[in-house]
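Let's walk through this structure together, from its helix and metal site to its pockets and cores. Keep the viewer open as you read.

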Amino acid sequence: DQTNLDFKIVLLGDSSVGKSSLVLRLCKNKFSENLEPTIGGSCVIQNIEIDESEVKLKIWDTAGQERFHSLTPLYYRGAKGALIIYDITNFGSFERAKDWIFELRENGEQDSKIILVGNKIDLEAKAVVKDVTAQKFADKNGLSFFETSAKTGEGVNQVFFALAQMLLGK
Ligand code: GTP
Ligand code: MG
């Protein structure tokens, strides 16, 4: 009756929304102002402790650039959880996040756990996607919604922790 504590998850979203930065913050507690765009995708493993169990997340960080779009199904195949990320200062990235959610629902794993994530909340003064707008969309579509800053670290551990809990059925 050993519970499965090993999950593949995927990060999806437009280029430069901060997917790689969120992974860098989670795994190394670092931030860089000038990360290179991701090519294809890359995988890191991070353990998260929940109620004295170690949950192992195999995190696939994908490339947001359009030219890599056709590869993305390879990365979300088998993923039990997904973070769909947009940049709160870029309205187009929010529209793109919605597309990713519909694509995952259609072609991804059945019952995969999806969290909508608005990143770059340290740039709140420049925000164009209001949190109420995103929250409304999330509620309507039965998704969890979080806001993060990979730069300050705000909300980052919490969002991965929340996803891990959802994967455990909590
Ligand atoms: P692709 O790999 O091309 O899909 O992009 P990405 O989503 O991985 O974006 P990346 O993490 O490379 O970040 C893009 C730029 O945004 C970088 O210059 C980061 O420094 C910056 N950035 C990422 N997260 C934040 C954040 O929370 N706040 C601020 N101010 N800048 C951020
Ligand atoms: Mg990247």
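A residue is called buried when its relative accessible area is under 20%, exposed when it is over 50%, and partly exposed in between, using a 1.4 Å probe on protein chains only. This is a predicted model, in which local features need pLDDT of at least 70 and side-chain atom pairs count only at pLDDT 80 or more, while totals for chains, interfaces and linings use all residues. Residues are numbered from 1 along each chain as its sequence is written, chains are lettered from A and ligands numbered from 1 in the order in which they are written, and side-chain values use heavy atoms, leaving out hydrogens and water.

Let's begin with helix α1, residues 19-28. Helices (H or I, at least four residues) and strands (E, at least two) are DSSP runs, numbered from the N terminus. Of the 10 residues of α1, 7 are buried, so the helix is largely enclosed by the rest of the structure. Those buried residues are Lys19, Ser20, Ser21, Leu22, Val23, Arg25 and Leu26. Their cover includes β1, β2, β3, β4, β5 and α5. Just after the helix, Asn29 takes a positive phi of about 55°.

Ser20 (OG) and Thr38 (OG1) coordinate the magnesium ion (ligand 2), at 2.0 to 2.1 Å. Because Ser20 lies in α1 and Thr38 in the loop between α1 and β2, the pair ties together parts that are 18 residues apart in sequence. Donors here are N, O and S atoms within 2.8 Å of the metal (3.2 Å for Na, K and Ca), and water is not among the atoms, so sites may look incomplete. Thr38 counts as buried, at 17% relative accessibility.

Now for the pockets. On a 1 Å grid over the protein atoms alone, a pocket is an open set of points with protein on both sides within 12 Å along at least five of seven lines, and its lining residues have an atom within 4 Å of a point. The largest pocket has a volume of about 460 Å³. Its lining has 25 residues, and Ser16, Val17, Gly18, Ser21 and Lys120 lie nearest the centre. Helix α1 gives the most to this lining, with 3 residues.

The second largest pocket holds about 200 Å³ of space. It is lined by 13 residues, with Ser20, Val23, Leu24, Val44 and Asp61 the closest to its centre. Again α1 gives the most to the lining, this time with 5 residues.

What lies in the largest nonpolar core? A nonpolar core is a set of buried Ala, Val, Leu, Ile, Met, Phe, Trp, Tyr and Cys residues joined through side-chain atoms within 4.5 Å. The largest one has 25 residues, of which Leu57, Ile59, Leu83, Ile115 and Phe160 touch the most other members. Helix α5 gives the most to this core, with 8 residues. Apart from it lies another core, of 23 residues, including Ile84, Tyr86, Ile121 and Ala138.

Finally, look at two loops. Most residues other than glycine have a negative phi. Glu52, however, has a positive phi near 65°, and sits in the loop between β2 and β3. Glu52 counts as exposed, at 78% relative accessibility. Asp111 has a positive phi of about 60°, and its place is in the loop between α3 and β5. Asp111 is exposed, with a relative accessible area of 69%.

Technical notes. 1 Å grid on protein atoms, 1.4 Å probe; cavity = no way out; pocket = protein on both sides within 12 Å on 5 of 7 lines; lining within 4 Å. Points joined across faces, edges and corners; volume = space filled by probe spheres on them. Contact = heavy atoms within 4.5 Å.
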